[in-house]
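Trainee: I have a structure open and would like to learn how to read it. Could you take me through some of its features?

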Amino acid sequence: MMLDDQQLQKLLRIKRFEQPPPGYFDRALIEFHRRQREELLRRSATLIWWERFVSGLGNFRVPSYAYAAVLGGFVVVATIVGSGLWAPYKETTDVSTSRAVLSGPEAQKVAVNRLALSGNLDWSTFDDSASSPKVVPVIRPSQTALPRYVLDGRPVSYKASFSF
Amino acid sequence: MEDQNLPDDETLVRRTQNGETRAFDLLWQKYSPRIYSLIYNMTANHEDSNDLLLEVFAKAYRSINGFRGKSSFYTWIHAIAVNMTINFVKKRGRRFQLSLDDLDTNVQNDKELIDLAATNSPTREVDLSELQQRLNEAMMKLSVEHRAVVTMFDIQGMPHAEIAKILGIPEATVRSRLFYAHRQLQNYLEEFRKK
């Protein structure tokens, strides 16, 4: 006959009586204190502080309203930037209002570069002989070029396609 | 060793957090026998149990400032003990020796248990300590997770809900582990009885 659950539990109950000899826990407490003192002497204060910090971190919980606050803040910033109320990197083409701190020829060079980038530079009057070395040929936009468009991956132009 | 006149755990924990080391000694006094029993029944070795008991309390002392009282101190320190012991047993693997040989003398005089030992051995006279030894061997054949559940439920008499909290698993898992562990133990002991 197999042991039933009750009999097994009775057998397991025997193990409740398994205890260390009398006085063991008092001696173990003394040993515990000794190890604590030893540990304090061995470890640096920084390490102890760090362990306590990590232990505290494990119990740290982010409050639920913090998520809502972060999301709300993001929406507000996105709205302000998206609506153009605040544009920290707004491009200006007006040389006179630029905040260039350079002066003399350097400032002029910067201004010319900005005009070239904006497409408002009159290339016919631009003299690059002094400013750029003749190492590579300067490519200027063709005055006769007509606007070209690309639709659906195929070149479309007012001219015949063989001119591409 | 447990003293009913000790202040409640919450007070003792708060006092320890405020730097009163004597309060932690009282927590030791209150819980060390239970924690020792838990570790001992999971490791089956006195020396290991002694070392682990000291380590568990050392860890609890280091971490007590992070204890916020969301669970009871009882659950918290049991969880530390179970986790440390499971890790220890897994690391130790099969390199262990049984040292479960310090039975309290009261057991030898427990009539109910003597009768049980006799009724379960019709073919041969089974010494109670021999049955005890077989039970310990059977326990050690269980996985450490199953042993933890058997120790807490059958030996320490904890309810399923408390065990579930300590192990951080659903109550249903605790019940199924218990069921499986009981079947295993019954099979092991049955094999012994047939010999």
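Mentor: Gladly! Let's begin with a helix pair: the axes of H1(B) and H2(B) cross at roughly 140° and come within 7 Å. Axes are lines fitted to C-alpha atoms, for helices over the stretch in contact, and angles run from 0 to 180 degrees between N-to-C directions. Helices (H or I, at least four residues) and strands (E, at least two) are DSSP runs, numbered from the N terminus. This is a predicted model, in which local features need pLDDT of at least 70, side-chain atom pairs count only at pLDDT 80 or more, and totals for chains, interfaces and linings use all residues. Residues are numbered from 1 along each chain as its sequence is written, while chains are lettered from A and ligands numbered from 1 in the order in which they are written.

Trainee: Which residues of H1(B) and H2(B) make the contact?

Mentor: Two residues are in contact if their C-beta atoms, placed from the backbone, lie within 7 Å. Here B:Leu12, B:Arg15 and B:Thr16 of H1(B) meet B:Ala23, B:Phe24, B:Leu26 and B:Leu27 of H2(B).

Trainee: How do I describe the angle between H2(B) and H3(B)?

Mentor: Angles under 35 degrees count as roughly parallel, over 145 as roughly antiparallel, 65 to 115 as roughly perpendicular and the rest as oblique. Helix H2 (residues 21-43) and helix H3 (residues 46-63) of chain B pack at about 140°, their axes 9 Å apart, so H2(B) and H3(B) are oblique to each other. Among the residues that meet are B:Trp28 and B:Ile35 in H2(B), and B:Leu52 and B:Val56 in H3(B).

Trainee: Is B:Ala44 buried or exposed?

Mentor: A residue is buried if 20 or more other C-beta atoms, placed from the backbone, lie within 10 Å of its own, exposed if 12 or fewer, and partly exposed in between. B:Ala44 has 21 C-beta neighbours inside 10 Å, so B:Ala44 counts as buried.

Trainee: Which residues are buried in H4(B)?

Mentor: They include B:Phe73, B:Trp76, B:Ile77 and B:Val89. Their cover includes H1, H2, H3, helix H8 (144-155) and helix H9 (160-167) of chain B. Just after H4(B), B:Gly93 takes a positive phi of about 65°.

Trainee: And chain A?

Mentor: Chain A has 5 helices and 2 strands, and 4% of its 164 residues count as buried.
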